[in-house]
Amino acid sequence: MAFWIRVFVLCGAWQAALSVTRYSIPEEMERGSVVANLAADLGLEPGGLAQRKVKLDIFHSKKYLDVNKRTGELFIVETMDREYLCPSKPSSCLLKLDVVVESPLRIFNIELVITDINDNAPHFRRDRVELDVSESATPGERFSLPNAVDPDVGTNSIKTYKLSPTQHFAIEIQTGVDGSQYVDLVLTRSLDREETAVHNLVLTAEDGGKPVRSGTANIVVRLQDTNDNAPRFERQIYTINMTENSPIGTRAIKLDATDADEGSNSELVYSFTLYTSEKTQDVFAIHPDTGEITVKGTVDFEDVKFYEMHIEARDKGTQPLLGQCKVIVHVTDMNDNYPEITLQSVKNTVNEDVAVGTGVALVTIGDRDTGENGKVHLFLRDGIPFVLKQSPDRPMHYELVVAKPLDRESVPEYEITLIARDSGKPPLSDNETISLHLLDVNDNVPQFPQSSYTIRVAENNAPGALLSSLSAFDPDLHENQYLVYFIVEKEVANTSMSMLFSINPENGNLYALKTFDYEMEKEFFFHIEARDSGSPPLSSNVSVHIVVVDQNDNAPVIVSPWRAHGSLVEEKIPRSTEKGSLVAKVIALDGDSVHNSRISYQFLQVSDASLFSLDQYNGEIRTARMFSYKDWRHHRLVVAAKDNGQPPLSATVTIKLSTVETAVKAYSDMSEVPLEYDIFSDLNLYLVIGLGSVSFLLLITILVTIVLKCQKVKPSIAVPNGRNSVLSERNSTLADSTLVSNDAYWYSMFLAETRKGKLVVRQPAPKGSRYMVSSIPRSTGVSETSGSAPSTLQYPK
């Protein structure tokens, strides 16, 4: 039973499906818009749609419609686009759907026809179309244009095409068998690219909707050039002025022809025509691409006054066209000829002592120009000792002469520049140079760098040692400059300077021929002469002062106390000698110079240092205290005399001192008791021997002085005196070989005379003589003093 009921229901549903309900709506309806009332149209109760489970079964991927189960209305859920739903553009667009009622089951077929509205404007597949059309195209020629498309149908589709206004083109619409429309662009008038090279057109497609919609496309027609225009110059005749002697490459004019064509039809080539003479073409050249005319030869006013050139410009078209013009060049005369200088009888060498006014060269000037351009003036550069003398009867001739004395040593060569300048505007000038060499004349004496030379040489020098180089200078040349050196002969003590010194005649090197001894020879004076080899020769001399420098080569010699046998001296003194009494006095002499001969004394050995003292400057040995009973009776004193040289030299003396208990008194007490000694005592004997030696040496010195012709002596500087100091005076006439001690001599005299009961006083002698020694009676009381003068021993009253 249930089975049959189900079959019945299905059969009823099938029968219901056979009836179709159709609705028609326009596309693009808004959401929520009601299409129809299905409940009323299908005979259903609006209130029971929910209980009966009514729904839509749509045969599409997207749900565009739905049923309001409360009112039974069919409404739009999603906006529908007919062109999207029916892309194949059928005449009608149908959307099918089923209304299913499940309880009881019923199916209603619904067809929804979607009608077109004009919602799409026509558009071209290409919004810009470019056409290349030859400007020689004939009217009536056709060119295809793209057609427009419109998704709408019917009256809303494309109905017509329109072209923007133009005088040269029109359109024709063609309809195909399928109803499609095609547009052709038709040429209606001849074209001229030179007038309008590009035509910009607008093609418009319009539909039949209301309102009307349209779409546009830009049509660009570019005209292809044909060689239909000949080149043209701005003027037929060009006239220009050009200065003669313009440099090669100077631009005369630049021609600029024009051609209305384009591409190769407008590319021009410039050239001379056959009417242009070959001489003109030798002077000027034209650039084939730029039309620039330049100078390639010499433009000379004196040769050609003007030039005429015929020029053509030819394009590069298949069938080339050409244009012509004429260029006339007027040449402007200029001061283009330089003055000319001609040298005649030129002297390139003259003696430097040439006389003022002597001619050096003859000069002629000229100029090819005329008028002011041909007037030429000749002059010299300033600062040279030459002048130009113009010939009075021939104005274009000059003589170059010496204006001032010349001196080769100041300026050995002159570059004499002669300048010729015309009166043109601007003036032109030329110059010529004469090289004048001055020949040397022996007019300069040799010159020494110094007016005199002082040369110091150490004594004990090696023979042949170089002393100095006394080179002179002579600014002359060649043989006038070659110098020879001589020693001006001078004899000293019958000895020629050439025996003592030698000079190299070529370079002036001065040599010593012997070894000098400061103690014998202290200085030499002579002259050196430098003589050139000119004719006649010139010479000059310079004074030379040779100073022999002392060396410490003499050791001190002890002259007091006198040592008869060996180096031991024996002295006796009373033991009652008081403190400060003079025991002995050591006197030493040194033959060296003042500095090296300064003597100092010191004890090397002393038996009792507390008993004796030694003055280091005058060599006096005195008692430092009185003798006591504990002191030894015999004492040994070793005294050293050392000079001030480097290295120092020295001598020693040994004094054996014995104390006695006799009535012999110290030297300081000798004035109280007169002593009488035998005149031939040992001391007197020693004194006689000493005096004899001194007299012998003095005699030898006097003889040497006479032989040396009383040569002037340089006074020596005395050694500063201290208290009771020993003076070592040297008499310059005795030379350094005479070693005489006045102090020693005086001291010996003092000992001898006091033994005779006399007083000896040493007094300064007049300048130039020796010390004076005088005896004073014992009755005169004096005391011992010291000062700058030689010491004087005096007895108290």
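Arg314 is partly exposed in this predicted model, with a relative accessible area of 32%. Its salt-bridge partner is Glu312, and the closest N and O atoms of the pair are 3.3 Å apart. Glu312 counts as buried, at 13% relative accessibility. The cut-off for buried is under 20% relative accessible area, so Glu312 falls inside it. Elsewhere, Arg128, Glu130, Asp132 and Arg222 belong to one network, joined by salt bridges that share partners.

**Salt bridges**

The whole structure holds 23 salt bridges. Side chains of opposite charge can pair when their charged atoms come close.

| Glu172 | Arg142 | 2.5 Å |

What does the salt bridge between Glu172 and Arg142 tie together? Glu172 sits in strand 13 (residues 169-175) and Arg142 in strand 10 (residues 142-145), so the bridge joins parts 30 residues apart in sequence. Glu172 is partly exposed, at 33% relative accessibility. Arg142 is partly exposed too, with a relative accessible area of 39%.

Asp303 is partly exposed at 48% relative accessibility. Lys279 is partly exposed at 44%.

**Chain overview**

The chain has 797 residues, and 40% of them are buried. Its secondary structure comes to 7 helices and 51 strands. Take the contacts with a separation of 6 or more: 66% of them are between residues 24 or more positions apart.

**The largest nonpolar core**

The largest nonpolar core contains 29 residues. Val35, Leu38, Leu56, Leu65, Met80, Val99 and Leu112 have the most contacts inside this core. Several elements give two or more residues to the core, including strand 1 (20-26), strand 2 (34-37), helix 2 (38-42) and strand 3 (54-58). Strand 4 (65-67), strand 5 (73-76), strand 6 (93-102) and strand 7 (105-115) are also among them. Which element gives the largest share of the core? Strand 6 does, with 5 residues.

Val99 shows how these parts meet. Leaving aside neighbours within four places in sequence, Val99 contacts Leu38, Leu42, Val54, Lys55 and Leu56, among others. Arg106, Ile107, Phe108 and Ile110 are also among the contacts of Val99.

Is Asn461 buried or exposed? Asn461 is buried, because its relative accessible area is 9% and the cut-off for buried is under 20%. Asn461 lies in the loop between strand 32 (452-458) and strand 33 (466-469). Not counting residues up to four places away in sequence, Asn461 touches Ala512, Lys514, Thr515 and Phe516. The C-alpha atoms of Asn461 and Asp517 are separated by 8.7 Å, while the two residues are 56 apart along the chain.

Gln51 is in the loop between helix 2 and strand 3. Gln51 is exposed, with a relative accessible area of 58%. Gln51 and Lys69 are 18 residues apart in sequence, and their C-alpha atoms are 9.4 Å apart in space.

**A nonpolar surface patch**

Phe696, Leu697, Leu698, Leu699, Ile700, Ile702, Leu703, Val704 and Ile706 form a nonpolar patch on the surface. Together these residues have about 800 Å² of accessible area. Leu699 is in helix 6 (residues 682-707). Leu699 is partly exposed, with a relative accessible area of 48%.

**Confidence**

The chain averages a pLDDT of 77, and 81% of the residues score at least 70. Where is the pLDDT under 50? One such stretch is residues 663-681, for which the model has 32 contacts beyond four places in sequence. Residues 712-797 also have a pLDDT below 50. That stretch has 168 contacts in the model beyond near neighbours in sequence. Where pLDDT is low, the predicted coordinates should not be read in detail.

Technical notes:
Residues are numbered from 1 along each chain as its sequence is written. This is a predicted model: local features need pLDDT of at least 70, side-chain atom pairs count only at pLDDT 80 or more; totals for chains, interfaces and linings use all residues. Side-chain values use heavy atoms; hydrogens and water are left out. A nonpolar core is a set of buried Ala, Val, Leu, Ile, Met, Phe, Trp, Tyr and Cys residues joined through side-chain atoms within 4.5 Å. Buried means under 20% relative accessible area, exposed over 50%, partly exposed in between (1.4 Å probe, protein chains only). Helices (H or I, at least four residues) and strands (E, at least two) are DSSP runs, numbered from the N terminus. Contact means heavy atoms within 4.5 Å. pLDDT is the predictor's confidence in each residue, from 0 to 100. Patches are made of residues with over 30% relative accessible area and no salt bridge: like charges are joined within 9 Å, nonpolar side chains (Val, Leu, Ile, Met, Phe, Trp, Tyr) within 5 Å. Accessible areas come from the Shrake-Rupley method with a 1.4 Å probe; for residues, only the protein chains shown count as cover. A salt bridge is a side-chain nitrogen of Lys or Arg within 4 Å of a carboxyl oxygen of Asp or Glu.
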